[in-house]
Amino acid sequence: MPDLFSGLLVTLEIASVTSIVGVLLGFLAALGVGSRFKVISYATVALVEIGRGTPVIVMLQLVYYGLPQTGLTLESMPAAWVALSLITAAYSSEIIRAALDSVPRSQREAARALGLSRPQVLRDVILAQAARTAAAPLLGFLVQMFQATSLAFALSVPEILSRAYDIGTRTFNYLPVIAAAGVMYAVVCIPLMHLVRRLEKRWAPEDGQRLLVNQRRA
């Protein structure tokens, strides 16, 4: 169990880093897709589609084994951070973009008519509402990416699955140790999925409509 808990800490580290970096990059990508400049918009869309169309294991192998041929060599842990962050950014950008687009254009126009600058409109009008729309699906996707960290086993990252496999190799008793690793994943994921369902119920579409009405009145 100490070895498995050590692997759990590595898994949580990977998930935390890739979630923060990936969502930030995804937000920038969502803004890039909606840019008025066609070059930026088309280039961002191409990068997002490549990221969404590439399997996680392929991205891991590409970063770890492919980048050294360009002169950039990463250790297994940073390689996992980079690969999973890119995948997270590609998918989260679509979630964030849809949430940004869900804010009625009339509210943006009204805010500009009141003299708010573009950064103020984005911060005070659009993001304030889009965050509620994106919270549940974004958290649900990050739970899936937490499970996908097990693929870092292919890069010899000492996460839960790698630790379980090492223990099984030494003891020749794979079933209980891999089952214990599965329980650890479930202990983290199940409460988060319950939180996702609570957010979906609390911030249902009708609640979002009431929020828009209240903000129009304000």
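Biologist: How many salt bridges does the count come to here?

Modeller: Take the rule, then the number. A salt bridge is a side-chain nitrogen of Lys or Arg within 4 Å of a carboxyl oxygen of Asp or Glu. By this rule the count is five.

Biologist: What should I know about the model before I go on?

Modeller: This is a predicted model, in which local features need pLDDT of at least 70, side-chain atom pairs count only at pLDDT 80 or more, and totals for chains, interfaces and linings use all residues. Residues are numbered from 1 along each chain as its sequence is written, and side-chain values use heavy atoms, with hydrogens and water left out.

Biologist: Which residues are linked in a network of salt bridges?

Modeller: Glu49, Arg52, Glu94, Arg97 and Asp101 are linked that way. Start with Arg52 and Glu49, whose closest N and O atoms are 3.6 Å apart. Then Glu94 pairs with Arg97, at 3.0 Å between the closest N and O atoms. Arg97 also meets Asp101, at 3.3 Å from N to O.

Biologist: Why are Arg52 and Glu49 separated by about one helical turn?

Modeller: First, how helices are assigned. Helices (H or I, at least four residues) and strands (E, at least two) are DSSP runs, numbered from the N terminus. Arg52 and Glu49 are three residues apart in helix 2 (residues 38–53), so about one helical turn separates them. In helix 4 (residues 76–101), Glu94 and Arg97 are also three residues apart, about one turn. Asp101 and Arg97 are four residues apart in helix 4, again about one helical turn.

Biologist: Is Glu94 buried or exposed?

Modeller: Buried means under 20%, exposed over 50%, and partly exposed in between (1.4 Å probe, protein chains only). Glu94 is buried because its value is 19%. Arg52, at 32%, is partly exposed. Glu49 is partly exposed too, at 42%.

Biologist: How much space lies in the largest pocket?

Modeller: The general idea comes first. Rolling a probe the size of a water molecule over the atoms shows where empty space is left. The search runs on a 1 Å grid over the protein atoms alone; a pocket is an open set of points where a 1.4 Å probe fits, with protein on both sides within 12 Å along at least five of seven lines, and lining residues have an atom within 4 Å of a point. The volume is the space filled by probe spheres set on the points, which are joined across faces, edges and corners. Here the largest pocket holds about 750 Å³. It has 17 lining residues, and those closest to its centre are Gly34, Arg36, Arg108, Arg118 and Ile126.

Biologist: Which helix gives the most to the lining of the largest pocket?

Modeller: Helix 6, with five residues. Helix 1 (2–33), helix 4, helix 5 (105–113) and helix 6 each supply at least two.

Biologist: How do the residues of that lining divide?

Modeller: Ala, Val, Leu, Ile, Met, Phe, Trp, Tyr, Cys and Pro count as nonpolar, Asp, Glu, Lys and Arg as charged, and the others, Gly among them, as polar. The lining has seven nonpolar, two polar and eight charged residues.

Biologist: Take Ile126. What is it in contact with, leaving aside its neighbours within four places in sequence?

Modeller: Contact means heavy atoms within 4.5 Å. For Ile126 the partners are Leu100, Val103, Arg108 and Val121. Ile126 sits in helix 6 (residues 118–148). At 9% relative accessibility, Ile126 is buried.

Biologist: Where is Thr18, and which backbone oxygen lies 2.7 Å from a polar atom of its side chain?

Modeller: Thr18 is in helix 1. The backbone oxygen is that of Ile14. Thr18 is buried, at 3%. Leaving aside neighbours within four places in sequence, its contacts include Trp81, Leu84 and Thr88.

Biologist: Which residue other than glycine has a positive phi near 55 degrees?

Modeller: Phe172. It lies in the loop between helix 7 and helix 8 (174–202). Phe172 is exposed, at 71%. Ser156 also has a positive phi, about 65 degrees, although it is not a glycine. Ser156 is in the loop between helix 6 and helix 7 (160–171), and at 57% Ser156 counts as exposed.

Note on methods. Polar contact = N/O pair within 3.5 Å; in protein donor to acceptor, adjacent residues only side chain to side chain.
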